[in-house]
Amino acid sequence: GARAKGRQFLALTTVVAVFTSLLIFALTPALAAYYSEIPAVQQEIVKVVGVCCLVFPILWPAAFVTPNALRGAGDAKTPMFVMLFSFVFFRQAYLFVNRLLGNSFMGVTLAYPMGWVVCSVLMVLFYRRSVSKGRS
């Protein structure tokens, strides 16, 4: 049924995300050279992209595929509120705390993945609640 298709789509998206991340990470050093000729800047670019490539296949599918399953089950409000909270309110609060703690570059870099963590966890919890109520 719909739950099996949802799991299939989540698995397929994860596989595509792994291959995409590997490709992007492999190309990053060459592309960083186009962005800047300064080796230290190139190294920071590789670090930032590396962090995103590491967490992208783990977190992104749950954060962005699960909401579609909820929408398909007739619940469009929950994904909207969870994503608004995760990507606007939480991320702004996270960046504010990072600023108070010294405003580190890696702290700013982690703002995207941290938003994905919050969104993924909340989406999975709401999806499970939805399944237990028989909506999906």
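So, secondary structure first: this chain has six helices and zero strands. Reading from the N terminus, the order of elements is simply α-α-α-α-α-α. Please keep in mind, everyone, that we are looking at a predicted model.

Now the overall dimensions. The chain has 136 residues, and 31% of them count as buried. The chain exposes about 8600 Å², and 73% of that area comes from carbon and sulfur atoms. One more figure for the whole chain: take the contacts with a separation of 6 or more, and 71% of them are between residues 24 or more positions apart.

Let's turn to a pair of helices. Helix 4 covers residues 77-100 and helix 6 covers residues 111-132. Their axes are 9 Å apart, and the packing angle is about 150°. How do the two run relative to each other, roughly parallel or roughly antiparallel? An angle over 145 degrees counts as roughly antiparallel, so that is the label for helix 4 against helix 6. The crossing of helix 4 past helix 6 is right-handed.

And who is touching whom? On the helix 4 side, the residues include V82, F85, F87, F90 and Y94. Across from them in helix 6 you'll find, among others, Y112, W116, V118, L122 and F126. There is an arginine on each side as well, R91 in helix 4 and R129 in helix 6. By class, this contact has 17 nonpolar residues, three polar ones and two charged ones.

Start with T13, which sits in helix 1, residues 2-35. Is T13 buried or exposed? Its relative accessible area is 12%, and the cut-off for buried is under 20%, so T13 is buried. Setting aside residues up to four places away in sequence, T13 touches W60, P61 and V65.

Next is G72, in helix 3, which runs over residues 66-72. With a relative accessible area of 68%, G72 is exposed. If you'd like a distance to check on screen, G72 and A17 are 55 residues apart along the chain, and their C-alpha atoms are separated by 22 Å.

Last one, and please find N103 for me. This residue is in the loop between helix 4 and helix 5, the latter being residues 105-109. N103 counts as partly exposed, at 37% relative accessibility. What about its backbone? The phi of N103 is near 60°, a positive value in a residue other than glycine. Beyond its neighbours within four places in sequence, N103 is in contact with N98 and V108. Here is a distance for this one too: N103 and V51 are 52 residues apart in sequence, and from C-alpha to C-alpha they are 18 Å apart in space.

To leave you with one picture, go back to helix 4 and helix 6, roughly antiparallel to each other, with 17 nonpolar residues in their contact.

Terms used:
Residues are numbered from 1 along each chain as its sequence is written. This is a predicted model: local features need pLDDT of at least 70, side-chain atom pairs count only at pLDDT 80 or more; totals for chains, interfaces and linings use all residues. Side-chain values use heavy atoms; hydrogens and water are left out. Axes are lines fitted to C-alpha atoms, for helices over the stretch in contact, and angles run from 0 to 180 degrees between N-to-C directions. Helices (H or I, at least four residues) and strands (E, at least two) are DSSP runs, numbered from the N terminus. Angles under 35 degrees count as roughly parallel, over 145 as roughly antiparallel, 65 to 115 as roughly perpendicular and the rest as oblique. A crossing is left-handed if the near helix is turned anticlockwise from the far one by less than a right angle, and right-handed if clockwise. Contact means heavy atoms within 4.5 Å. Ala, Val, Leu, Ile, Met, Phe, Trp, Tyr, Cys and Pro count as nonpolar, Asp, Glu, Lys and Arg as charged, and the others, Gly among them, as polar. Buried means under 20% relative accessible area, exposed over 50%, partly exposed in between (1.4 Å probe, protein chains only). Accessible areas come from the Shrake-Rupley method with a 1.4 Å probe; for residues, only the protein chains shown count as cover.
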